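Colleague: Hi! Could you walk me through this model when you have a minute?
Modeller: Happy to, here it comes.

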Amino acid sequence: MSVRVTELPVQHVAYMRYVGPYGAHGIPELWMKLKKWMETHDLVSDSTITLGVAYDDPDITASEKCRYDACVVVPASFTPDRWVNVMDVSGGKYAVSEFVGTAHEIRRAWEALYRSWLPGSGFEPDDRPCFEIYRGNPSVDAERGVFRCELCLPVRPM
C-alpha cells in the first residue's frame with residue numbers, strides 16, 4: 001500500500017448527508033443526487049473537486065447510524081439552498097492513499113490503511129473525520145462501477 005503523509009488545505013464545501021451503512025447501500029444514490037444538483041448549479045467541470053466525508057467507525061457505530069457527506073468544493077461566498085448545507089472540511093496532516101475500485105471494495109481499502117499501514121507508521125489518527133477526494137470525473141469504468149479517489153486519514157505524530 002502506497003501512502004504519503006501531507007498537509008491538506010481546509011475545503012469549503014456544499015454537502016448532502018446520508019445516514020446508514022457505508023459502502024454500496026445508499027452512498028451511490030446520494031452521489032447521483034448531488035451530481036444532479038451540481039449540474040443545475042454549473043458546478044461540474046474537469047477541475048471540480050468533490051469529497052466524501054465519513055464520520056463514524058462502522059466497527060463501533062451501528063451501521064444504520066453511520067454518517068456520510070457527499071460534498072463539492074465551492075467558493076467561500078457560496079450561499080446554500082434547501083438542498084445543500086455548507087461547511088469547512090478541516091485541513092492539516094493526512095495520510096493519503098490512492099484507491100481505484102468499486103463501492104463494494106472501498107471499505108477493504110480503508111481497513112488496510114488502518115490495519116496495515118497505520119500501526120508501523122509512527123502516526124495515530126486524530127479527531128478529524130476521514131474523507132475521500134474525487135478530482136474531476138472519478139469514473140474509471142462506469143459500467144462496472146469502478147472509480148478513483150484518494151483516501152485521506154487525519155493523523156498526528158505519536
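Modeller: Residues 24 or more positions apart make up 75% of the chain's contacts with a separation of 6 or more, where contact means heavy atoms within 4.5 Å.

Colleague: Before I read on, what should I know about the source?
Modeller: This is a predicted model, in which local features need pLDDT of at least 70 and side-chain atom pairs count only at pLDDT 80 or more, while totals for chains, interfaces and linings use all residues. Residues are numbered from 1 along each chain as its sequence is written, and side-chain values use heavy atoms, with hydrogens and water left out.

Colleague: Thanks! How many helices and strands does the chain have?
Modeller: The chain has two helices and 10 strands, taken as DSSP runs (helices H or I, at least four residues; strands E, at least two) and numbered from the N terminus. From the N terminus on, the order is β-β-α-β-β-β-β-α-β-β-β-β.

Colleague: And what is the radius of gyration?
Modeller: It is 15 Å, close to the 15 Å that the globule rule gives for 158 residues, so the chain is as compact as a globular protein of that length. The radius is taken over C-alpha atoms, and the rule is 2.2 Å times the number of residues to the power 0.38.

Colleague: Let's talk core. Which residues touch the most other members of the largest nonpolar core?
Modeller: Leu 34, Trp 37, Tyr 68, Ile 106, Leu 151 and Leu 153, out of 36 residues in that core. A nonpolar core is a set of buried Ala, Val, Leu, Ile, Met, Phe, Trp, Tyr and Cys residues joined through side-chain atoms within 4.5 Å. Buried means under 20% relative accessible area, with a 1.4 Å probe and protein chains only.

Colleague: What does Trp 37 contact?
Modeller: Leaving aside neighbours within four places in sequence, the contacts of Trp 37 include Ala 14, Met 16, Val 72, Phe 78 and Trp 83.

Colleague: Switching topic: is Glu 150 buried or exposed?
Modeller: Glu 150 counts as buried, at 8% relative accessibility. This residue lies in strand S10.

Colleague: What does Glu 150 touch?
Modeller: Not counting residues up to four places away in sequence, Glu 150 touches Arg 4, Val 96 and Arg 135, among others. Glu 150 and Val 96 are 54 residues apart in sequence, yet 6.2 Å apart in space, C-alpha to C-alpha.

Conventions
Buried means under 20% relative accessible area, exposed over 50%, partly exposed in between (1.4 Å probe, protein chains only).
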